[in-house]
Amino acid sequence: MPRFIGANIYRGSSYGAHHPLRVARVSTVIDLARAMGWFQPGQYVNSPRARPAALQAWHDPAYLAVLQRAEAGEIIAPDLRKTYNIATPSNPIFPEMFRRPATAAGGSILAGQMLRDGGVVHSPGGGTHHGMPDRANGFCYLNDPVLAVLSLRDAGVRRVAYVDIDAHHPDGVEHGLGDDADVLMISVHEERRWPFTGDLQDRGAGQVWNLPVPRGFNDTEMQAVLDSLILPRLAAFRPEAIVLQCGADAVLEDPLSRLTLSNNAHVAVVNAVRALSPRLLVLGGGGYNPWSVGRCWARVWAALNGYEVPDHLPEAAQAVLRGLVWTGHRDGKTPPVHWFTTLADAPRPGPVGEEVRARLSALEARARVWV
Ligand SMILES: [Zn+2]
């Protein structure tokens, strides 16, 4: 039975009134799952908050101390703000700026322990893939995916595949694990977008596979990526565990990318990778339109459990979606009615573009040499 790791800290905490992470995300998934009757007894697990000692598995103790001091309201000197990249528009000082990421990290560490003997865990509060050992980066103060992999290692799981379908390249994870020969890393991300890392040519220890994709990337192209990159690499690597960063910012309605997937693409990836390992951890990640991120991850949870998603949501689930607010964005003023009444997007197929085709061929050629 898949398990879901959630926490109340995501409900009501915000990075600030003008930050993309001002919107409700994990709480929407929890409320939708409850409204749909998708939590069986024992499936919902409350996330512990990781202690600094546990975070030190990857993070610098001095940096962790500064995060806690900033959360406690201490004024952090300008040189320390600069060193640790906090008190910036992206990585603001906010009331839960240590507790919230430490809860996401605690969930990922717990997930590694829960997966010791196999299974499936969904932790949508996780997926903070830009975090660096000693500084904040790209809305991420910590890096829970790296901590998840280290926790799996502690549980005796050696070969881990990390697959990332967020619109942004996971620079923090590649920094932490790219040179680990027992980690396979696959990332599909928008080209020429922050953090501007994730080149097609990156190899790390030989197990890093980056696919930058152009704007307009569609469902058909994601299926091609699944069939000719993700699934063959996973099959060849034979991972003991898969960590899937399932960021929802590559969907059409997201304000931070120019990719045009439907949430069917995310569900297709989840369903396809599941068979390739006895352990699967699905994390969240980006996603800044409250309707598209909540609907996407609720569908992921349904898929992991084998639940049919109805074409028209029952009233209780619609009420969750009608209750969302998105200030400061035009789509928040007049959301289309299907954002309230459905979870599944209409498919967004299209041609497989020349760039995607050529880059997939280059990676396939590299795989033939490598094998
Ligand atoms: Zn992202």
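Ala-87 is partly exposed in this predicted model, with a relative accessible area of 33%. Its backbone deserves a moment's attention, as Ala-87 has a positive phi of about 65° although it is not a glycine. The residue belongs to the loop between helix 4 and helix 5. Asn-85 is found in that loop between helix 4 and helix 5 as well, and its phi, near 60°, is again a positive value in a residue other than glycine. With a relative accessible area of 25%, Asn-85 is partly exposed. Thr-88 also has its place in the loop, which runs between helix 4 (78-84) and helix 5 (99-114). Thr-88 is partly exposed too, at a relative accessible area of 22%; the cut-off for a buried residue is under 20%. From Thr-88 to Glu-354 the C-alpha atoms are 38 Å apart in space, and the two residues are 266 residues apart in sequence.

Another backbone feature concerns a proline. Trp-194 and Pro-195 are joined by a cis peptide bond, with omega at about 5°. Pro-195 sits in the loop between strand 5 (183-190) and strand 6 (208-213).

Turning to the metal site, the zinc ion is coordinated by Asp-166 through OD, His-168 through ND1 and Asp-249 through OD, at 1.9 to 2.1 Å. Along the sequence, these donor residues follow the spacing D-x1-H-x80-D. His-168 lies in the loop between strand 4 (160-164) and helix 7 (171-177), while Asp-249 lies in the loop between strand 7 (241-245) and helix 9 (263-274), so the pair ties together parts that are 81 residues apart in sequence.

The buried residues are Val-26, Ser-27, Thr-28, Val-29, Ile-30, Leu-32, Ala-33 and Met-36. Which elements do the buried residues of helix 1 pack against? Their partners are strand 1 (3-6), strand 2 (44-46), helix 10 (290-305) and helix 11 (315-322).

For the protein as a whole, the secondary structure comprises 14 helices and 8 strands. A compact globule of 371 residues would have a radius of gyration near 21 Å, and the protein agrees with this at 19 Å. Taken along the principal axes, the C-alpha atoms fill a box of roughly 55 × 50 × 40 Å. Of the 371 residues, 60% count as buried. Among contacts with a separation of 6 or more, 79% are between residues 24 or more positions apart.

The protein carries 36 positive and 36 negative charges, whose mean positions are 2 Å apart.

Conventions: Residues are numbered from 1 along each chain as its sequence is written. This is a predicted model: local features need pLDDT of at least 70, side-chain atom pairs count only at pLDDT 80 or more; totals for chains, interfaces and linings use all residues. Side-chain values use heavy atoms; hydrogens and water are left out. Donors are N, O and S atoms within 2.8 Å of the metal (3.2 Å for Na, K and Ca); water is not among the atoms, so sites may look incomplete. Helices (H or I, at least four residues) and strands (E, at least two) are DSSP runs, numbered from the N terminus. The radius of gyration is taken over C-alpha atoms; the globule rule is 2.2 Å times the number of residues to the power 0.38. Buried means under 20% relative accessible area, exposed over 50%, partly exposed in between (1.4 Å probe, protein chains only). Contact means heavy atoms within 4.5 Å. Lys and Arg count as positive and Asp and Glu as negative; His and the chain ends are not counted. The place of a charge is taken as NZ of Lys, CZ of Arg, CG of Asp or CD of Glu.
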